[in-house]
Amino acid sequence: MLDTASAPNDARTHDDILSDDLDALATLEKSLADARASGRWTVLATCQLLASHDDETLRLQAREQILIQHIGSIARVCSRFITRLGERTELLPVARVKRPARRAIDRLVGHTEDWAARTLAGPIPRRALAVTRIEDADLYENRMVVELIHSILDADLRSRINLLRRLKQDLADLERAQHEGTRLRLDRLYRFWGAEAINAGNATGRAFETVRALEELLTRVQALRGSELGTILRGRRTGQRSLRRTNVTDNDRHYRAAGIVWREYERPEVERESTDARHERLEARHRLFDDYVLSLIARSLDNLAFSPAADQVPLPGQPATLDGPWGPVTVYREHTGVTIIESAATRTRFVPLLDLFSPDADEAEVQERWRSLPNSSANPAVVIYLASSEHVRSVVHDLSLPVLSGGPDGPHGRSALVGVPVSPLETTSLERVARAVSLATLEPVLADYPPAIELLRGRLARRLIEHISGSNLAQEDLSPLFHRSNDDRIHLRRSLTTTERSRLDHVLTVLEQRTAARSWERDVAGEIAQLRGAFDTAEERVRRVLRCPGCGVTAGPEQVTRAGDVFSVTCRDCGFRWGHERCGGCQSRIPLLEPTRDVPNSEVTGLGWVERVFGRDALASPCWARTVPNRYVCAACGVCPISARSEGTACTRCHAAK
């Protein structure tokens, strides 16, 4: 069993590490706290999950405009700064001594190496201690300017530039989604982001201009670090968090300008944090991330058209039941923050781990920490952690580390433990989580297909099964109506047409009538009495699966193709296909969703490409070569159907698996 308490606890714990993702998460605290306090599922599924995507963040802040206005005065102070006259004692040649120090004679008596000659009247000095006057720049006002340049402005501008670059990357992902992914994924991304494509382009332009202005500012600030004042003081600090008013900062125009900038960037006083206060702060931060993950899951379920039976957030011991297009699911919430989704008797654990990887983790750290997670649960588990997906993608090159996708995209089939990076700065976080939620809710239903015709009480007699399957109920021009997994079970493959329903009613009526005669039907009269209800229940389950995941239109029985325990349906309205493929290697069924039959965007490659193209609309992983349509990697054995053929020679996944 995997939970948050199982996370590695080593010297690289990230409690003291700061990042843009953590700062962005902190801005969502009120929104998530209000949603949690409401106790309503609908509020949780619609609360704010993106941070810093507003127009105010993308534009220059007021204090940055003030800095632009006064950066010239700060530069002037660094080259023409005030000093005060001071005195210092130093050893000089006698010819350069203008004012002997008080201890000049005492030193001369004890240091014969400073004598030029010795006479009866005494020594003739060659060097002597002298008092010289200097211009001292080590003043509070100068230290204030140096500290403003070296630590305050440099750190703040770097942080702002990094944040805006992350937002630019997210906006670029939105713009690329117009060409990279499917239309369904694009529509969901823009609904989550909250604007149209043209607004994304405008926002990108604003972010670009702001980054350019801040980079110019940072360049000027960094150049001042090598100025004469910066060299003399060598990074000396004021030792204060707030500005102290002096005659110079009040009366000198340039120092006053530096003081104005200081006040705009003034940092709050930091009190020493007690152990208990630190523990409470870190615990609250982890709870905040747990709520953020739960809200992502709720939003994913809402987008999949799951609606709660009762509008309440799941609590420990109080699960929430949701009804969806393919059947009900139950959402459990553990006291550790773990969320469990149960669908068709399959449980999937969603484990939030805030500090799994550090913001600057390298490949060795990622491998070490991921492989330290326990992986002994029989049920699938999805670890959702806070990180930049681009950073993780840049350091993870091994397909055996399933840390970028909730799907079965690894080289050896499905992994029981997979990881999904999320961030309030990435709009695509929702699609990565939504794919894991789709796998947890929809794939078990497909794996449970076709539903067995079962009685509420007792077992369906074999002779009754033989009679039903031999009654020729199916229309000749349609796919088979039944599937026999063994002699004692019969499954309904699709819903019945009007003709088939009429034939079934006739068969059941005859069976019911013959229960009064001396025949084998009388021996199973109780089972026959339950048959109509059993057929209705099985047909309702089948009808649910025939609802299109793309547009919600229910397919008719004539659209169901294939035979046996596999089926395939293509929606006539939107072209979405779903059902099964059969693995050519291990003969396992491959549950699939296929929003388009075209080979999509072969230029999008590498880890995580499935979510970048299909988003949540992918259960099985399409062949990575993408040279032919309708080829999927088997989640059971990990075999790609064209890996040994010429079409699969360019497949990076197959090469990695070898």
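Modeller: Start with a definition: two strands pair if DSSP finds at least two bridges between them. Strands (E, at least two residues) and helices (H or I, at least four) are DSSP runs, numbered from the N terminus. Here, β10 and β11 are joined by 6 bridges and run parallel. Val382 stands opposite Val418 in β11.

Biologist: What kind of model is it, and what are the ground rules?

Modeller: This is a predicted model: local features need pLDDT of at least 70, side-chain atom pairs count only at pLDDT 80 or more, and totals for chains, interfaces and linings use all residues. Residues are numbered from 1 along each chain as its sequence is written, and side-chain values use heavy atoms, with hydrogens and water left out.

Biologist: What is the mean pLDDT of the chain?

Modeller: The mean is 87, and 94% of the residues reach 70 or more. pLDDT is the predictor's confidence in each residue, from 0 to 100. Over residues 3-12 the pLDDT is below 50. That stretch still has 22 contacts in the model beyond near neighbours in sequence. Contact means heavy atoms within 4.5 Å.

Biologist: Which elements have the lowest and highest mean pLDDT?

Modeller: α23 has the lowest, at 64. Strand β8 (residues 339-343) has the highest, at 96.

Biologist: Back to the strands. What is the order of the sheet?

Modeller: The sheet is open, with 7 strands in the order β5-β6-β7-β8-β9-β10-β11. The pairing is mixed.

Biologist: Which strands stand at the edges?

Modeller: β5 (307-308) and β11 (417-422). Each has a single partner strand, so one side of each is left without a neighbour in the sheet. β5 runs antiparallel to β6 (residues 320-324), with 2 bridges between them. Pro308 has Leu322 in β6 as its bridge partner.

Biologist: And β11, is it covered or exposed?

Modeller: Mostly covered: 6 of its 6 residues are buried. Buried means under 20% relative accessible area, exposed over 50%, and partly exposed in between (1.4 Å probe, protein chains only). Leu417, Gly419 and Pro421 point one way, while Val418, Val420 and Val422 point the other way.

Biologist: What packs against β11?

Modeller: The buried residues of α14 do, and they also pack against β10 (381-386) and α15 (389-395). In α14 (residues 363-371), the buried ones are Glu365, Val366, Arg369 and Trp370. They cover an arc of only 120° around the axis, so they sit on the same side of α14. The arc is that of the directions from the helix axis to the C-beta atoms. On the other side of α14, Ala364, Glu368 and Arg371 are exposed.

Biologist: New topic. How many residues of α16 are buried?

Modeller: 13 of the 13, so α16 is largely enclosed by the rest of the structure.

Biologist: What about the largest nonpolar core?

Modeller: That core has 134 residues, and Val145 and Trp578 have the most contacts inside it. Helix α7 (residues 140-180) gives the largest share, 16 residues. A nonpolar core is a set of buried Ala, Val, Leu, Ile, Met, Phe, Trp, Tyr and Cys residues joined through side-chain atoms within 4.5 Å. Another core, of 30 residues, lies apart, and Val338 and Phe614 are among its members.

Biologist: Last one. Where does Arg626 lie?

Modeller: Arg626 is in the loop between α22 (609-613) and α23 (652-657). Its relative accessibility is 7%, so Arg626 counts as buried. Not counting residues up to four places away in sequence, Arg626 touches residues including Val599, Trp609 and Val613.
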